[in-house]
Amino acid sequence: MKRLFKIAFLTFALACQSSDSERFDYNYNKAIIEDYLMAEALYSDFFRLALKAETDTSFLANDTATIDSALVIKSGAIYTFNYGTNKKCPDGSIRSGSFRITKDAPIYDSLAIAHATFDNLTINSKNILGTLTKKNLNGANQPQFQVEVSNGIIQLKDAYNSIVEYSSNLKIKFKKGFSTPTFYSDDLFYVTGTSSGKAHQFDRFTSLIQDTVAFSNSCRFFRGGLNVLTMPDFEINEARIEYNAVTSCSATVKVVYKGTTPSGDRITSQPQSINISF
């Protein structure tokens, strides 16, 4: 009888633990991750475009060129990327408005600083606001850039006028291609750093790149490596984001959720796929 009681008790306990784990709905966490990945992809792309202008031989020779569908014009220390109205770009996005890059020296000079600001810029009907600052920490010898996004805001233009807030502090280091500065298709960067913000439902997040990710001019998404996103307002408060292989260019990441139930049980989900959408 005692043995049967123990078996019944263990079965009940395991059932309770299972139901306690399974009751969690990851959709709220997923919404935060989607907002974070969108902001990460949008703002990191301005670094790519700024570097592309610095290495475009036609632009450097003529002070004007078309770069990824934007008409880029140089006026002194200011580069203006102008998309006009509803311009379709190579990445499939529809862009309107413009953004400006103001620099104090050629970007490969040691300690050179450039600032990007946005003028009525929309990407897929989302308004983009904030300031991006890029600083060369090393000069021309395998440059390493510090890239900061301050007060980044993405206005979603939905029925609630929702916004996503985003700030970041990244270090982006040349891994390959720094010896051929005017041939950007072979560039490969390694990225480390942190970011923080709020998703469109006001839920806070912070991120830490724990295993270096890669970035290149040929793909607008981060690749390889591991990013850990913390969501302090939730019981399931951690997401481990694994980007696809460095050799691929994919808008899909693998995510594992972690957290603690009210009863103190640790939860680790099965890997789930999330698409980066901007």
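So, the lining of the largest pocket: helix H2 (27-55) and strand E12 (219-223) each put in at least two residues. Bear in mind that this is a predicted model. The lining has 15 residues, and the ones nearest the pocket's centre are Arg48, Asp68, Pro90, Asp91 and Arg220. As for volume, we're talking about 210 Å³ of space.

Okay, helix H2. How far apart are its end C-alpha atoms? They're 42 Å apart, and that agrees with the 42 Å you'd expect from 29 residues at 1.5 Å a residue. H2 is also mostly covered, with 25 of its 29 residues buried.

Now back to Arg48. Its salt bridge partner is Asp45, with the closest N and O atoms 2.6 Å apart.

Across the whole structure, the search turns up 11 salt bridges. Another one joins Arg204 and Asp233, with the closest N and O atoms 2.6 Å apart. This pair ties together distant parts of the chain, 29 residues apart: Arg204 is in strand E10, while Asp233 is in the loop between strands E13 and E14. Arg204 has 40% relative accessibility, so it counts as partly exposed, and Asp233, at 38%, counts as partly exposed too.

Last one: Arg240 and Glu238 meet through their side chains in a salt bridge, 3.7 Å from N to O. Arg240 comes in at 25% relative accessibility, so that's partly exposed.

Technical notes:
Residues are numbered from 1 along each chain as its sequence is written. This is a predicted model: local features need pLDDT of at least 70, side-chain atom pairs count only at pLDDT 80 or more; totals for chains, interfaces and linings use all residues. Side-chain values use heavy atoms; hydrogens and water are left out. On a 1 Å grid over the protein atoms alone, a cavity is a set of points where a 1.4 Å probe fits but cannot get out, and a pocket is an open set with protein on both sides within 12 Å along at least five of seven lines; lining residues have an atom within 4 Å of a point. Grid points are joined across faces, edges and corners, and a volume is the space filled by probe spheres set on the points. Helices (H or I, at least four residues) and strands (E, at least two) are DSSP runs, numbered from the N terminus. The expected span of a helix is 1.5 Å times one less than its number of residues. Buried means under 20% relative accessible area, exposed over 50%, partly exposed in between (1.4 Å probe, protein chains only). A salt bridge is a side-chain nitrogen of Lys or Arg within 4 Å of a carboxyl oxygen of Asp or Glu.
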